[in-house]
Amino acid sequence: MQLYLDLLRDIMETGVDKNDRTGVGTRSVFGRQLRYDLAQGFPLLTTKKLHFKSIAYELLWFLRGETNIRFLRENGVTIWDEWATETGELGPVYGAQWRFWLGADGRYYDQVQTLIDGLKNNPDSRRHVINAWNVALLPDERKKPWENAKEGKMALAPCHVLYQFYVAHNRLSSAVYIRSNDMFLGHPYNTASLALFTHLIAHQCDFELGEIIVMLGDAHIYRNHFSQVAEQLSRKPRPLPQLHFKRKPNSIFDYEYTDFELINYDPYPAIAAPIAV
Ligand SMILES: Nc1nc(=O)c2c([nH]1)NC[C@@H]1CN(c3ccc(C(=O)N[C@@H](CCC(=O)O)C(=O)O)cc3)CN21
Ligand SMILES: O=c1ccn([C@H]2C[C@H](O)[C@@H](COP(=O)(O)O)O2)c(=O)[nH]1
């Protein structure tokens, strides 16, 4: 994960200070790419402890097509609490777009099922894409996230907007475009989430593992994370953990948290940081 630490340093040293929607303020750069070979280990940050459970349950929640935080809360995951309405609604965020994209013809489109079918039947296709940027449902940036959700809009505009998958020599690679990335809190989650998603799909479709590629638009460090970033940069990365499966469910939608496990994860202690809402 040296690539990540190098990018944090680059942002601190060369980034531009700007204001942002949350009022906290950021230092940012625009347009970067990080890539990891999944055969070298599972790209979960070791220079601070990450709550893998939050990352895994969030992905399972997307795959269920859910947009209420109930499922997350039932499993001890609180990372979406700040944006939800009193009843836990987030509006039509990722899960809704991945599984139930409402077409102009009035039909719902399941992008994940289409992806799996496409990878199995036509792996060479260049159209293995999942897109969350549903223009009609984007929030009004001047309103609070939960106000948007109450009006049937997304609480937050998608950050990890577009996924693409690629098969060569029976190896599955993936890429994600993240238009806006909170480099201290969000980025390590987003990287691990893409890695886990790629593992699940490879497991289902009998592919070997290739690379993951994370492409960033606005890559920012919030002003109130500067000291935490300095602490992180003083630490030396340790060997990556591995992901093992214990069961192969019949479909991508049937995985449970207990079906996989991380082994040899030996991180430095967690570093607490406030989240910008
Ligand atoms: N400002 C901001 N940054 C984000 O990364 C982000 C958002 N907003 N809004 C939507 C989601 C929610 N995400 C989150 C939210 C909280 C943490 C967080 O506080 N992580 C703590 C541990 C908390 C836990 O897992 O229980 C950390 O130390 O990593 C991480 C990602 C990612 N996204
Ligand atoms: O998966 C995610 C979701 C959100 N973020 C961060 C990126 C920004 O700091 C905020 C979103 O604010 P916008 O004004 O909509 O850009 O959340 C992330 O890093 N990863």
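User: Which residues is D182 in contact with, leaving aside its neighbours within four places in sequence?
Analyst: Contact means heavy atoms within 4.5 Å. On that basis D182 is in contact with H187, H220, Y222, H225 and I275.

User: What joins the side chains of H51 and S54?
Analyst: A polar contact of 2.5 Å. The term needs a pair of N or O atoms within 3.5 Å; within protein, one must be able to donate a hydrogen and the other to accept it, and residues adjacent in sequence count only if both atoms are side-chain atoms.

User: How do you know that H220 has a polar atom by ligand 2?
Analyst: An N or O atom in the H220 side chain is 2.7 Å from an oxygen atom of ligand 2. For N190 that distance is 2.8 Å.

User: What should I keep in mind about the model?
Analyst: It is predicted, with local features needing pLDDT of at least 70 and side-chain atom pairs pLDDT 80 or more, while totals for chains, interfaces and linings use all residues. Residues are numbered from 1 along each chain as written, chains are lettered from A and ligands numbered from 1 in written order, and side-chain values use heavy atoms, without hydrogens and water.
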